[in-house]
Amino acid sequence: MKAGAWLLTTGLLTLTGSAGAQDLPAYSRLAASLDEAARVRPTSAPAALAQLDRAQQALDTLGPTLRNRQIVSGLTDSLSAARAALARTPVELQAQVQLARGLMRKALYDQTLAALSTGAANGEAQLRLLTRDFGLSGASAQATLSDARSGSLERVAWRLQRAAVQKVNAALRGTRPEQTTGSYLNLARATGWFTVVQDAPGTSLKVAQFGEALRQLTGGDTAALTGSLGTLRAGTQALATTLASPPTTRPAPSATTAQAPATGGTPAGAPATPGTGQAAAPVGAAPAGPDRPATAAVTGAAGADGAYAGLARALSAASHAELPAAREGLAQAEQALVSAPSSLRGASGYDRLLADVRGAQSRTALRPVDVQGMIGALGNLERAAAGQPLSGLNSMSANTARNMGGWVRVIVFLLLSLLSAAPLYLLNLAFGGRNLYWRSISAGLVLLLLPTLLEGLFGLFGALGDALNIGGLRSLLNVSLTQGAYGLPLWALLTAGAIGLIAFGFRGLCVQFGLLGRGASARNDTQDASLDWDDDL
């Protein structure tokens with residue numbers, strides 16, 4: 001087939017056409033960040049979030065060079081869904097990455113073939129990147145480049161399609177009709193790779209069929225999943241048979257439409273796949289299996305309700321020093337804020353709150369009051385959006401949490417705990433330790449200062465445990481009486497004990513000095529006498 005005719009059937013992605021150069025460094029950065037996010041998520045949600053931030057920056061650069069706006073929208077939705085998946089399990093983020101990478105390859109595949117057909121300057125550079133992304137190396141990669149130089153674009157498309165179909169087949173072979181994370185991830189991988197070859201000649205499958213199989217798997221409908229997997233395997237095998245031999249007069253694939261799995265109506269439990277300009281549906285829970293207990297699907301609602309839900313989970317986790325889980329809740333709150341309606345995003349304080357939520361995810365020794373401050377700020381944001389007056393106390397709480405959290409709080413209370421030893425030392429130095437009443441007063445002061453001592457000492461240990469990712473050390477934050485409501489009765493008991501001891505001590509001194517009791521009537525006779533503070537009565 002002539003190159004011009006081939007372009008007519010394969011090069012037009014949208015009404016504006018697809019010929020044009022992609023920003024290849026941005027593509028590489030986006031791919032690397034997504035892959036790294038999936039790799040580090042099992043050990044560190046904050047590290048995965050940092051990689052997703054880098055991926056978003058790369059997409060902001062890459063997006064304008066992608067001519068298929070449907071794919072751009074799908075990639076944006078996939079990144080949003082990946083952020084939401086941070087609040088749940090690693091496999092859900094990994095599945096979202098597989099779907100996003102499928103869309104990336106589809107965009108690069110279509111634009112590369114279109115660029116080669118028009119003789120664009122960087123067509124070969126795009127093809128080199130594409131062959132690497134498709135796993136072609138050595139003789140296979142060289143043959144693909146040789147076909148491109150000779151103008152055999154049908155053979156270029158055939159080699160790439162064949163490589164993609166092999167990966168779809170391999171992923172489907174690893175998928176079993178059972179609710180396991182392995183099957184979940186393999187089916188997502190198959191969906192991502194099939195996105196590239198959905199328009200290949202000889203295929204009877206649609207991306208929607210892969211999406212339906214994913215919903216069946218996450219929903220536990222293993223009977224229906226068995227039938228769907230049989231259909232997908234048969235269709236993929238038929239396509240592989242079609243691609244077994246090089247093309248002769250067979251037309252190259254039409255790439256006029258980049259279909260992506262629809263997100264509208266995705267039930268909780270199914271992975272949110274890039275749609276056709278719609279917002280990404282929330283990512284539900286991955287399927288239960290032998291390596292993951294069954295849990296209720298988490299609904300990632302957008303807007304204030306979703307932000308409140310994420311902050312509530314963060315507060316619950318922070319209240320018992322489960323800081324990785326708290327950061328996942330903050331990531332969910334961030335995603336809800338990012339997806340909030342324009343009325344909320346345009347309200348005064350939105351940018352400040354979003355920055356606080358993002359900053360708190362990397363804050364060392366996150367404490368419940370930090371999250372409470374953000375909840376108060378969210379309440380003020382709702383009031384601002386509704387045109388209502390703001391709460392001054394909420395604003396003060398948010399500012400305090402923003403400026404006196406993390407290491408600042410640790411250092412302040414460590415210094416106060418060290419300084420609290422000074423009055424106790426001076427009291428003992430001035431009055432000695434033999435007098436019962438002075439010892440009682442000293443013990444009462446110790447009880448009054450004990451909350452500060454606990455906050456300073458165990459706050460430091462907990463912060464070090466969080467920074468070094470040592471769970472046992474981090475859990476020492478729970479010794480602080482400000483960590484949760486359980487500290488209030490303990491604080492009340494300590495205060496009551498301190499009041500009793502100090503009152504007992506001062507009363508004894510008053511009796512000793514004749515200010516109370518039988519000695520009160522003779523105080524004028526003894527007021528000029530020299531008393532030793534340290535004398536025992």
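Guide: Helix H13 gives the most to the lining of the second largest pocket, with three residues. This is a predicted model, where local features need pLDDT of at least 70 and side-chain atom pairs count only at pLDDT 80 or more, while totals for chains, interfaces and linings use all residues. Residues are numbered from 1 along each chain as its sequence is written, and side-chain values use heavy atoms, leaving out hydrogens and water.

Visitor: What makes up the lining of the second largest pocket?

Guide: Its lining has 17 residues, and those nearest the centre are Ser44, Pro46, Pro324, Arg327 and Asn469. Two or more lining residues come from each of helix H3 (45–62), helix H13 (323–338) and helix H20 (436–468). The space in this pocket is about 280 Å³. A pocket here is an open set of points on a 1 Å grid where a 1.4 Å probe fits, with protein on both sides within 12 Å along at least five of seven lines; lining residues have an atom within 4 Å of a point.

Visitor: How do the lining residues of that pocket divide into nonpolar, polar and charged?

Guide: Five are nonpolar, six polar and six charged. Asp, Glu, Lys and Arg count as charged, so Arg327, one of the residues nearest the centre, belongs to the charged group.

Visitor: Why is Thr236 called buried?

Guide: Its relative accessible area is 3%, and buried means under 20% (1.4 Å probe, protein chains only), so Thr236 qualifies. Thr236 sits in helix H11 (residues 222–242). Beyond its neighbours within four places in sequence, Thr236 is in contact (heavy atoms within 4.5 Å) with Val165, Val168, Asn169, Leu172, Leu205 and Phe210.

Visitor: What is the phi of Ala321?

Guide: Ala321 has a positive phi of about 65°, although it is not a glycine. Most residues other than glycine have a negative phi. Ala321 lies in the loop between helix H12 (303–318) and H13, and with 6% relative accessibility it counts as buried.

Visitor: Where is Ala365 found?

Guide: Ala365 is in the loop between helix H15 (350–360) and helix H16 (368–385). Its phi is also positive, about 55°, and Ala365 is buried at 2% relative accessibility.

Visitor: How do you know which residues are annotated "transmembrane region"?

Guide: The unreviewed UniProt entry gives residues 406–431, 443–464 and 484–506; such annotations may be inferred rather than shown by experiment. In the model, residues 443–464 are 100% helix (a DSSP run of H or I, at least four residues), with end C-alpha atoms 30 Å apart. Residues 484–506 are 87% helix, with end C-alpha atoms 34 Å apart.

Terms used: Points joined across faces, edges and corners; volume = space filled by probe spheres on them. Buried < 20%, exposed > 50% of the residue type's maximum accessible area, 1.4 Å probe, protein only.
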